[in-house]
Amino acid sequence: MKPEITNCVIQLRKKHQFTQEELASKLGVSRQTIISIEKGKYLPSIRLALQMAEVFNKPIEHIFTLQK
């Protein structure tokens, strides 16, 4: 069985007081992409995950976690 990857994007987005639309705009993606990531239905590319880390000023491993 594959390990699951979880994230705290919704918590970080709210902490930074970004709407889904604002975060999407900062990352150059659609609002639907943000919704899918927050729900755990879509895993972002490494590039997008690194962009999120930069926007939130957090290490990538604080945003995405591999659950064993």
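This report covers the helices, the nonpolar core and a few single residues of a predicted model.

## Helix H3

Helix H3 spans residues 31-38. Four of its residues are buried: Ile34, Ile35, Ile37 and Glu38. Viewed down the axis of H3, these buried residues fall within an arc of 165°, so they line one face of the helix. In soluble globular proteins, nonpolar side chains tend to be buried together.

The buried residues of H3 have several partners. They pack against strand E1 (4-7) and strand E2 (64-67). They also pack against helices H1 (9-15), H2 (20-27) and H4 (46-56). After H3 comes Gly40, with a positive phi near 75°.

## How H2 meets H3

The axes of H2 and H3 lie 8 Å apart, and the two helices pack at an angle of about 105°. H2 and H3 are therefore roughly perpendicular to each other. The residues of this contact divide into five nonpolar, one polar and three charged.

H2 brings Gln20, Glu21, Leu23, Ala24 and Leu27 to the contact. H3 answers with Arg31, Ile34, Ile35 and Glu38. Of these H3 residues, Ile34, Ile35 and Glu38 are also among the buried ones.

## Helix H4

In H4, the buried residues are Leu48, Ala49, Met52, Ala53 and Phe56. They cover an arc of only 145° around the axis, which puts them on the same side of H4. The spacing follows from helix geometry. An α-helix has 3.6 residues a turn, so residues three or four places apart point the same way.

The other side of H4 holds exposed residues: Ile46, Arg47 and Glu54. The buried residues of H4 are covered by elements including H1, H2, H3, helix H5 (60-63) and E2.

## The nonpolar core

The largest nonpolar core has 15 residues. Which of them touch the most other members? They are Val9, Leu23, Met52, Phe56, Ile63 and Phe64. Each of H1, H2, H3 and H4 supplies at least two residues of this core. H4 gives the most, with five residues.

Met52 shows how the chain comes together here. Leaving aside residues up to four places away in sequence, Met52 touches Val9, Leu27, Ile34, Ile37, Ile63 and Phe64. Met52 is itself one of the buried residues of H4. Leu27 and Ile34 also take part in the contact of H2 with H3.

Most residues other than glycine have a negative phi. Gln17 sits in the loop between H1 and H2. Its relative accessibility is 69%, so Gln17 counts as exposed.

Asn57 also has a positive phi, of about 55°, although it is not a glycine. Asn57 directly follows H4 in the description of that helix's end, and lies in the loop between H4 and H5. Is Asn57 buried or exposed? At 67% relative accessibility, Asn57 counts as exposed.

## Leu66 in strand E2

Leu66 belongs to strand E2. Its relative accessibility is 49%, so Leu66 counts as partly exposed; the exposed class begins over 50%. Apart from residues up to four places away in sequence, Leu66 touches Pro3, Glu4 and Ile5.

Leu66 and Gln17 are 49 residues apart along the chain. Their C-alpha atoms are separated by 26 Å.

Conventions: Residues numbered from 1 in each chain as written. Predicted model: local features only at pLDDT ≥ 70, side-chain atom pairs only at ≥ 80, totals over all residues. Heavy atoms only, no water. Buried < 20%, exposed > 50% of the residue type's maximum accessible area, 1.4 Å probe, protein only. Arc of directions from axis to C-beta. Contact = heavy atoms within 4.5 Å. Axes fitted to C-alpha atoms, helices over the stretch in contact; angles between N-to-C directions. Parallel < 35°, antiparallel > 145°, perpendicular 65-115°, else oblique. Nonpolar A, V, L, I, M, F, W, Y, C, P; charged D, E, K, R; others polar. Core = buried A, V, L, I, M, F, W, Y, C linked by side-chain atoms within 4.5 Å.
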